[in-house]
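Please keep the structure open beside the text and find each residue as it is named.

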Amino acid sequence: MSSRLWITATPPASHGELHIGHLAGPYVAADVLSRYLRADGRSVLFVTGTSDHNSSVELRALRDGRKPQEVAEGYRQAICADLRRAGVEFDLITDPRSSAGYRQWVQNLFARLRADGVIAARTRLMPYCEPCERWLYGAHATGGCPHCGQPCRAGVCHACARPNDSGELLSPNCSLCGTAAVLRRCRRLYLPLEPFRDRLADHWRGSDLPPRVAALCEGLAEDGLPDVAVCHPAEWGLPVPGDDFEGHRIDVCFEDIAMHLYGCWPDHRAAPEETVHFCGAGHVFCQAVLLPVLVLAQGVKLKHSFRVNETLRLEKGKGETGGRRPALWALDLLTEFGSDTLRRHVLQCRPTDGAAPFRHSDLERTRQWLDSTWNDWLGRLFTAVREESEGLVPDAASGGAGWDVLHERLVRTAGELREAYDPRSFDPRRAVALLDEVVRSADDFGHANGYRWHGPTGPDRKAPAIVAQLRVAGALAAWARPVMPEGADRLASALGLPAGRAVGPEALTAPAAGTRLSPPSGPVFGF
């Protein structure tokens with residue numbers, strides 16, 4: 001794992017603000033991995049963009065009586081601000097309407113693939129709304145999935161993750177006016193996947209595929225790899241290069257994958273050797289099938305792994321009654337709970353094996369847990385330093401009843417945390433559980449040693465036990481930073497330690513003797 005690592009997160013569509021499902025999906029989890037690797041000295045490139053040319057943006061504009069670019073720009077700014085508030089730090093968030101050279105880069109890639117015969121013209125049936133006088137694609141068309149029968153939009157079914165040509169939808173309707181669509185013949189450009197069968201199969205065998213992704217790929221291969229439409233007649237989006245498809249726009253699924261490539265190696269000379277892609281289950285096809293095809297078509301072979309999340313389902317918790325809908329939006333929740341509480345909560349309940357519930361009351365319990373365990377222990381530790389040594393780190397070796405056993409356990413925990421954060425065994429829920437165990441163990445240690453501080457030998461026992469706990473606090477500032485960076489940096493500052501140290505047993509270090517601690521006036525983690 002010494003090579004450069006490329007981390008991607010699905011570009012969010014800029015037709016609305018970020019909600020709790022986005023944070024519980026790819027973005028916070030991808031940021032955890034990025035922070036861990038950077039602290040470990042790894043070279044990381046963490047990229048995304050905003051899906052401004054998504055059909056959902058145009059649909060929102062039509063419903064609101066606005067221009068698509070106004071919708072895209074307004075929500076793009078809100079999305080980027082919410083990501084910053086959540087502590088998600090990208091190296092690049094591509095702006096498809098203003099990033100330097102982006103439009104030309106995507107169009108050149110499209111033209112090159114077409115010149116190489118990777119993209120070819122096909123004439124197929126496509127839904128058309130006669131009252132709106134509009135071809136229906138993406139979010140503009142709704143109907144039944146031809147594969148699983150569930151309601152879906154044109155392009156990809158978010159229930160089974162299989163692609164569909166818009167003309168394959170069962171009983172298609174116009175999303176704008178609700179009228180039943182008629183099917184008309186339409187000549188478009190497609191990317192046939194069947195010529196990539198052998199290379200895709202080899203790619204899938206060499207990639208770290210979660211079971212759901214592997215099942216999708218196996219099913220597609222068994223049924224015959226489809227032709228994927230990569231353009232449509234429309235007014236919104238990047239124009240297809242060339243004169244023979246004037247009035248057509250590049251499909252957003254193709255563009256979003258090209259956006260990853262633009263953010264990673266726009267000059268085609270510095271391709272990374274390993275990648276980790278974070279996405280929701282509904283975007284698996286684009287990430288696990290279309291992305292490697294675009295990479296393979298350029299003669300580049302990458303090692304891919306995927307971290308896929310399921311849907312976070314809004315539910316009312318016990319005691320949550322009445323007609324008011326609980327807050328869902330990232331901005332509201334970040335304002336009410338802060339980034340530490342929200343990040344920890346969405347990682348702890350991150351849905352990976354099926355839809356998971358989200359309750360506002362559970363988020364409140366997460367805040368209470370941080371206050372009653374993490375902050376309570378740290379508060380008592382800072383108080384002990386202030387009362388016993390006038391706020392200075394005692395000049396003593398770490399010790400106390402049970403310290404040797406606890407220290408050995410913490411060293412093992414550091415190894416388990418590294419495993420939970422590692423790209424190959426990434427499990428942020430496990431990391432949260434391990435961090436809780438660290439705090440509980442330190443808290444128990446502090447309480448147990450406190451009983452002996454009032455005896456005849458108490459004064460001699462206090463300093464070693466305090467220094468031992470300061471070592472744990474120092475480790476926590478490093479070990480918890482991928483999960484809760486705001487509180488971890490606050491803790492590091494209070495201890496006078498550098499922020500962003502590597503996750504490992506070496507972080508079990510107390511501040512130098514005589515260091516004056518600067519505990520915050522409020523909670524360390526959360527607020």
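1. In this predicted model, ring pairs join Tyr102, Trp105 and Tyr262 into a cluster. The structure as a whole holds nine aromatic pairs, and two further pairs are described in the next points. A pair of aromatic rings is described by the distance of the centres and the angle of the planes.

2. The rings of phenylalanine 110 and phenylalanine 254 have centres 5.3 Å apart and planes at 75°, and the pair is therefore edge-to-face, since planes over 60 degrees apart count as such. This pair links distant parts of the chain, with phenylalanine 110 in helix H4 (residues 102-115) and phenylalanine 254 in helix H7 (residues 252-264), 144 residues apart. Both phenylalanine 110 and phenylalanine 254 are buried.

3. For phenylalanine 278 and phenylalanine 426, the ring centres lie 5.7 Å apart and the planes stand at 90°, so that this pair, too, is edge-to-face. Because phenylalanine 278 lies in strand S15 (residues 274-280) and phenylalanine 426 in the loop between helix H11 (403-421) and H12, the pair ties together parts that are 148 residues apart in sequence. Are these two residues buried or exposed? Phenylalanine 278 has a relative accessibility of 0% and counts as buried, and phenylalanine 426, at 11%, counts as buried as well; the cut-off for buried is under 20% relative accessible area.

4. Turning to helix packing, the axes of helix H10 (residues 360-389) and helix H12 (residues 428-450) come within 10 Å and cross at roughly 45°, and H10 and H12 are therefore oblique to each other. The crossing in which H10 passes H12 is left-handed. On the side of H10 the contact is made by Trp369, Thr373, Trp374, Trp377 and Arg380, while H12 contributes Leu435, Asp436, Val439, Arg440, Ala442, Asp443 and His447. Sorted by class, the contact of H10 with H12 has six nonpolar, two polar and four charged residues.

5. The contact of H5 with H8 divides into seven nonpolar residues, one polar and one charged.

6. The last point concerns the backbone. Most residues other than glycine have a negative phi. Glutamate 133, although it is not a glycine, has a positive phi of about 50°; its place is in the loop between strand S4 (120-129) and strand S5 (134-135), and with a relative accessible area of 64% glutamate 133 is exposed. Glutamate 390 is likewise not a glycine and has a positive phi, of about 60°. Its place is in the loop between H10 and H11, and at 63% relative accessibility glutamate 390 counts as exposed.

Technical notes: Residues numbered from 1 in each chain as written. Predicted model: local features only at pLDDT ≥ 70, side-chain atom pairs only at ≥ 80, totals over all residues. Heavy atoms only, no water. Axes fitted to C-alpha atoms, helices over the stretch in contact; angles between N-to-C directions. Helix = DSSP H or I, 4+ residues; strand = E, 2+ residues; numbered from the N terminus. Parallel < 35°, antiparallel > 145°, perpendicular 65-115°, else oblique. Left-handed = near helix turned anticlockwise from the far one by under 90°. Contact = heavy atoms within 4.5 Å. Nonpolar A, V, L, I, M, F, W, Y, C, P; charged D, E, K, R; others polar. Phe/Tyr/Trp six-rings, centres within 6.5 Å; stacked < 30°, edge-to-face > 60°. Buried < 20%, exposed > 50% of the residue type's maximum accessible area, 1.4 Å probe, protein only.
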